[in-house]
Protein chains: 2
Amino acid sequence: MAPVTERPDEGVAAPQRSALAATWRFLVGRPLRASETSKERISPLEGLPALSLDALTSVAYGPEAILVVLAVAGARHLSAIFPVTVAIVVLLVVLVVSYRQVIDAYPAGGGAYAVSRDNFGPKVSQVAAASLIVDYTLTVAVSIAAGVGQLVSAFPELSSATVPICLGILALITVLNLRGLGDSARAFLLPTVVFIVGLLAIIAVGLIHPLDPHLHQPGRSLIATSGIEALSVLLVLKAFAAGCSALTGVEAIANGVPLFRDPPVVRAKRTEVLLGSILGVMLLGLAELALKFHIGPRTSQTVLSQIMGAAVGRHWAFYTVSLAITVVLALAANTSFGGLPILASLLARDNYVPHIFALRGERQVFANGIWVLAIMAGALLVAVGGNTQSLIPLFAIGVFIGFTLAQSGLVVHWWRQRPARWRQKAAVNALGAVVTGASTIIFLITKFTGGAWVVVIAVPTFILLFRRIEAYYRRTAQELGLGTLPERPTKEHTLVVVPVTNISRLVAHSLSQAKSLSEEVVAVTVVKETVEAARQTPSVGPPDLESQWERWDPGVPLMVLRTEYASVVDPIVEFIDARRCEGTEIVVLIPVVVPSRLRYRILHNQMDHVMSAALRHRSDVVVARVPFSLEYPPPKQAHARREG
Amino acid sequence: MAPVTERPDEGVAAPQRSALAATWRFLVGRPLRASETSKERISPLEGLPALSLDALTSVAYGPEAILVVLAVAGARHLSAIFPVTVAIVVLLVVLVVSYRQVIDAYPAGGGAYAVSRDNFGPKVSQVAAASLIVDYTLTVAVSIAAGVGQLVSAFPELSSATVPICLGILALITVLNLRGLGDSARAFLLPTVVFIVGLLAIIAVGLIHPLDPHLHQPGRSLIATSGIEALSVLLVLKAFAAGCSALTGVEAIANGVPLFRDPPVVRAKRTEVLLGSILGVMLLGLAELALKFHIGPRTSQTVLSQIMGAAVGRHWAFYTVSLAITVVLALAANTSFGGLPILASLLARDNYVPHIFALRGERQVFANGIWVLAIMAGALLVAVGGNTQSLIPLFAIGVFIGFTLAQSGLVVHWWRQRPARWRQKAAVNALGAVVTGASTIIFLITKFTGGAWVVVIAVPTFILLFRRIEAYYRRTAQELGLGTLPERPTKEHTLVVVPVTNISRLVAHSLSQAKSLSEEVVAVTVVKETVEAARQTPSVGPPDLESQWERWDPGVPLMVLRTEYASVVDPIVEFIDARRCEGTEIVVLIPVVVPSRLRYRILHNQMDHVMSAALRHRSDVVVARVPFSLEYPPPKQAHARREG
C-alpha cells in the first residue's frame, strides 16, 4: 500500500500550463488538502454573519414588497403595512419557536431535504430538494438585486449600470467560493455589526427624533393617485404574501448546527432567538417609520433608503449604512453558495443529479454546484434586468414549501420518537406546519399570475429530472453489475493495428509500443486510387512506402488498403471490422505528434483527429494514442534540409 | 495485399449519426469515389462559362469604378471615361497576346504560382501565392457584392437586405462546392449565353436606337456638382487603376488548359481570343453609352443598370439581363472556389500551409480550402456592408502582381528554352510584364490610402506565414527522421495501469484487455482522506473495495493511493511518474462507459475526462480508453434494485 501522496512542486506538475490557466490559478489559488479547509467552530454572535444574513437582510426588500402591493390602492391605504407586518412578525415567532425544536431534533443539521427524507421518504424529499434549488437560486438573485438597488438609491448616477454591477458582484462571489472562502464567518462580522447596529440606531433616531423628516426624495412616486383597486381582502393577502419574503432564511441556522461551538444545540437555539428578535424589531420599526414619513415605492429609491434618508438625512450615517447594507446583501447571496453545492452533492450521492456534483474541486469545494448556481442566478438577474420586485413573486414559495415539509416532518418525528412532552412539541411544529402551509397556499393563489407559475413549473420539472436520472443510474448499476462480483478477467488474443502514412521515428516508436503489447501487430496504410492511376494501371501501389518498408524490415507486416474514396479512415475501420468478425480483440495505436507549443497543433495529427472521431462511439475497439514529443523552435544550430 | 475497399451500406456505416449530421449529409451528398468526379473535357464555347466568367462579369463593376473616380471632378469630366477605357482595352490586348504565349509554354496549366516557382524559385512563387490568395478572396467578395448590387438596382425594395442576400449567395456557392458541383460548365452555359448575347444586344440597341434615353434614374446622383478636384493626371491614373479591375480573370484560361478537348492548347488560345474580343467590345460599348446617356454614379443604381435602362427601358429585357448578370456574377465568385482550394493544396504539398489543406473531403473536394475561402469572403462582405466600391481599391493589385510575375517568368522561360523565334516571344511577354508591372505600381500609388494598404500588409503577412510553416515542417521532418530509416522497433516491458473506483463488469472488461496486453497489470484506486478520517484513524482504508477485491481475486493487484487533495488524478499521475523513473513503459487503460444516447454522457466518465486531460500533453505515457456499451432505455422488463 502506498503512503499518502505528496503534491510535487507546482511548476513541475504542469509544465504546459497556458496563460489562461495561470490567470485562473492566480484567481482561485493552489490546490488545498482536505485538512487545510477545516474551520473553527463559531459562537452565537458569529452565527449571525455565518447563517443569518439571508434572513436579516430581507428587511431591505420585505417592507418594500408590501408597499408595492398596497400602492395600487392609493396613498390612503399604505397604512395597512402595519397590521400586515404584525402578522408577518407573528409568523416569524411561530417559525423561531418551531425551528428551535428542529435544532433539538436534528443536531446534525436539519435541512428540509434531510428532515423530509428521514420522515417521509425519498419522494417527498425530492419536492423539498427541488424547492430548495429554486429557493437558493432566487436568494442569490434577489439579494444581489436588492443590494445593488440600495447602492443605486444612494448613488443614483450608477443606475444605468445596474445589471453589470449585479453580474460583477455575482462573479466576485463565485470566484471567492471557488477559492473556498465562502464561509469566512469572521471576515463577515464587521459589515454585519455595522449593518445591525447602524440600522437599529437609524430606526431609533427616526422613531424618537427624525433629523430630516421632510426630505425631498428623488425619483417618481409609484403610488396610484386615486386608487386603482379597493383595499380588498385579496390585496391584503397579496401584501402579506409579498412581505413574507422577509422570512426567508430563518431556517438556515437549523441547517448549520454542527458549525457551532460546544454545546452546539444550545448555541444554535440562542442564535435563532437572537435572529428572530432583531428581525422582528427591525420589521416593526421600519413599518412604523414608513407610516410616519408617508413613504411609498418610488422609481429610483428603495423604501429602506427613503426611510433612512428621512430618519438621519442623506449624510455620512446614511451612506455608511447604505454601503453596509449592499455588502451584507452580497454576503447573504453568498450563503446560498454555501448551501446549494452541498445539497447538490447530497443529491448526487442519492443518484438524483449527475455524479459530477459530488466531485470536490482542487480547493475542496463542490465547484460544479457553484458554477451551476452562478449561471442560473446570472441568467435570472439578466432576465429581470436586476429588478428586485420582478423576482419577489417567485420568491418565498420555494422557501415556504421547505418550511412546511420540515415542520410536518418534525410532527412525524415526534410521533415516532415519543420523547418527554412529545405531544406539546408536536403541537408546536404542527402549528408551524399549518401556518406555513396556509401561507404557501396564499402565495400560490395571490402570486400565480405574477410569476409564481414559473416556480410551479420549475419544481415538478426538477423532480421529474431527479426521477429520470435516478432510474438511469439504477439501471446502469445493474447493467454494470455493481454490488456483485463479475467474472474474473481473462487474457485474450489481441491484434494491435497501427495506422501509418510514412516511415519515421514516430512510426518506429509506435511500432515498438505495439510490439510490447501484443505478438500480433499490423501496420496499415491507405492508398488513394486517383482517376489517372485507375485509368492507366489499376493496381499501381505507393512504390515508395512499400519498398521502403521492405528495406526497413521492422518485423511488422504492412497492409496496404486501396480506396477510391477520399476518406483514409473508412478503409481502416472496414479492415478492423473484418478482423473483429473473426473474433479478434483489436487495439488501435494512433501515432500522435505532441508539438512543443499548442499553436503548432493545427500543423499535425490529421490521422489522429479523423481516426479518433470515427472510433469514438465504438465499444468493441480500444483506441490508444502513442505520443511523440517534438522540440520546436530548436536550439539555434543545425538547419537541416528535408530529405523525404 | 487487400483489394480496393468497397463502401458498406450507408445506414450501417454510421448508426449513431445525429440529426445535424444527417441534415448536413443531405445538403452535401454521399461520399464519392475519385472516378465519379471525372469531368468531360470542354470546348472553347464552354470555356467561357467555365473559365472566363470572372473576366466577363467585370463589366458590371469596371466602368462604374472609373466613373466613381471621375465624378469628383464634376459632370464635365465624366467624358474621360472613353480614353481611359481605350487604355484599358489596349492593356487587355497586350494581356491576351501575352497569355496565348503562356498557354503555349505551359500546356499543363500555367498559374502564376506554377510559372514563377518554375522560373524564379520558391521565394518569388510565395509572392505569387500570397497575391493569389488575396485575389481569390476579393474576387468572391467583389463578384457577389456586384451581383447583389445589380439585383438591388433592378428591385430597389431589396436594398435593406443587401448583406443577408450576399451571405445567402455565398452560403449557396459554398455548399455547392462542398458537394463538388462547383465546375459544372454545362449548367453554367445558359445564363452565360443570356448574359453575353443579352448585354451585347442591349449595347447595340443603345448605340443605334435607344428606347428610353431620358429615363428617370432612381437614387441620388453622386457627381460632384462643381468639381471638387480638377481633372489632374493623378485623377486619370486613379480612374485607370480603378478600371483595371475589369481585367481580373484574364489569366484563368491559361490556368485551365488541361480541361479543354484535344488539342487543348489550340482550343484554349481560341477561348482567350474569344474572351478578349467580347470583353473589349463590351467595355468600349459601355463607355460610349455612358457618355451618350450622361451616366454617372448614383446611390441606388449601378452604372450598368442605368445604361441598360436607358438603352432598352426598364422592361422585360432589362429585368431578364439584370437577373442573368446577378447569376453569372455569383458563378464568377464560384470560379474562385475552383481556384483557391487547389492552390492551397499545392501550397500544402510544398509545406507552406498546414497539411490539412491537401486532404480531400468525402466529396473529393478540398473542403478545408473551401471553408477558409468562404469565411474570409464572408468577413469581407460584412466588413464593407456588401458595397462593391469599398472593395475596388483592394482589388486588382493581387491580380496584377500575379500578371507581372507570370509574364516576367515567361521571359525567363523563353530565354532558357530558346525555341524558334524565342526573342520575339520573349519581347511580347516582356511588354506584358512591363505594362502590368507599371500598372501595379500605379495601383499602389493611387489606391494606397483608399484601401490598398490592406493588400500591402496582407501579402507579406501571408509570405511570412508560409516561411514559418515551411521552416517548422522542415525541422519536424528532420526530428521525425523522415526520408531516413529509423531504428527497427523493439519489444519492451510494459506496465498497464487501470484506474478503478469500484468492481463492475466494466472494470472486469478493462482488466481483461489489460491482461491481454501485458504480463504486468496493476489496478489503482484513490482514497481521499477526509478531515474526520484523518483526525481519528489516519490510515483507515476503503474497507469495501479492498476486501471485495480480495474476495473477487481478479489476478491483478489493487494499489490504493491515499490523498488529502481533492484531485483523484494527481496521485495516479505521481504513481505513473514513479514507475516511469524506473524505466518502465506505461500504458494507462481508462474504463469508459459508452451510453446509448449522447445526452447520457454527462452522467458518466468523470475519470475519463480528468485522466485524459491530465495526460493529454504527456509524451511518455500511452493513454487508451476501453469502451463498454450500455443499453438504455432497457427493454421493458426487469426493474432491478441497485445493490452497491
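In chain B of this predicted model, the buried residues of helix α24 (residues 606–615) are covered by elements that include β1 (494–499), α23 (569–581), β4 (585–594) and β5 (621–629) of the chain. The buried residues of α24(B) are B:Q606, B:M607, B:D608, B:M611, B:S612 and B:L615. Here buried means under 20% relative accessible area, exposed over 50%, and partly exposed in between, with a 1.4 Å probe and protein chains only. Helices (H or I, at least four residues) and strands (E, at least two) are DSSP runs, numbered from the N terminus. Because the model is predicted, local features need pLDDT of at least 70 and side-chain atom pairs count only at pLDDT 80 or more, while totals for chains, interfaces and linings use all residues. Residues are numbered from 1 along each chain as its sequence is written, chains are lettered from A and ligands numbered from 1 in the order in which they are written, and side-chain values use heavy atoms, with hydrogens and water left out.

Strand β2 (residues 520–528) of chain B is largely enclosed by the rest of the structure, because seven of its nine residues are buried. β2(B) runs parallel to β1(B), and five bridges join the two; strands pair if DSSP finds at least two bridges between them. Within this pairing, B:V496 has B:V521 of β2(B) as its bridge partner.

A strand pairing also crosses between the chains. Strand β5 (residues 621–629) of chain A and β5(B) run antiparallel and are joined by three bridges. One of the residues involved is A:V623, whose bridge partner in β5(B) is B:R625.

The interface of the two chains brings 123 residues of chain B into contact with 122 residues of chain A, contact meaning heavy atoms within 4.5 Å. The size of an interface is often given as the accessible area lost when the parts come together. Chains B and A bury about 11,300 Å² between them, with 56% of it on carbon and sulfur atoms; buried area is the accessible area (1.4 Å probe) that two parts lose on being put together, summed over both. Two salt bridges are found across the interface, a salt bridge being a side-chain nitrogen of Lys or Arg within 4 Å of a carboxyl oxygen of Asp or Glu. B:E519 and A:K491 form a salt bridge in which the closest N and O atoms are 2.7 Å apart.

On the side of chain B that touches chain A, at least two residues each come from α19 (422–480), α20 (505–517), α21 (531–536), α22 (543–552), β3 (558–563), α23, β4 and β5. α19(B) gives the largest share, twelve residues. By class, this side of chain B has 57 nonpolar, 31 polar and 35 charged residues. Ala, Val, Leu, Ile, Met, Phe, Trp, Tyr, Cys and Pro count as nonpolar, Asp, Glu, Lys and Arg as charged, and the others, Gly among them, as polar.

Over all chains the structure holds 18 salt bridges. In chain A, the side chains of A:R579 and A:E520 meet in one of them, at 3.0 Å from N to O. The pair links distant parts of the chain, 59 residues apart, with A:R579 in helix α23 (residues 569–581) and A:E520 in strand β2 (residues 520–528) of chain A. A:R579 is buried at 18% relative accessible area, whereas A:E520 is partly exposed at 24%. In chain B, B:K269 forms a salt bridge with B:D104, with the closest N and O atoms 2.8 Å apart. B:K269 in helix α13 (residues 264–292) and B:D104 in helix α6 (residues 81–105) are 165 residues apart.

Helix α15 (residues 316–349) of chain B contains B:S336, which is buried with a relative accessible area of 2%. A polar atom of the B:S336 side chain lies 3.2 Å from the backbone oxygen of B:Y136.

Notes:
Polar contact = N/O pair within 3.5 Å; in protein donor to acceptor, adjacent residues only side chain to side chain.
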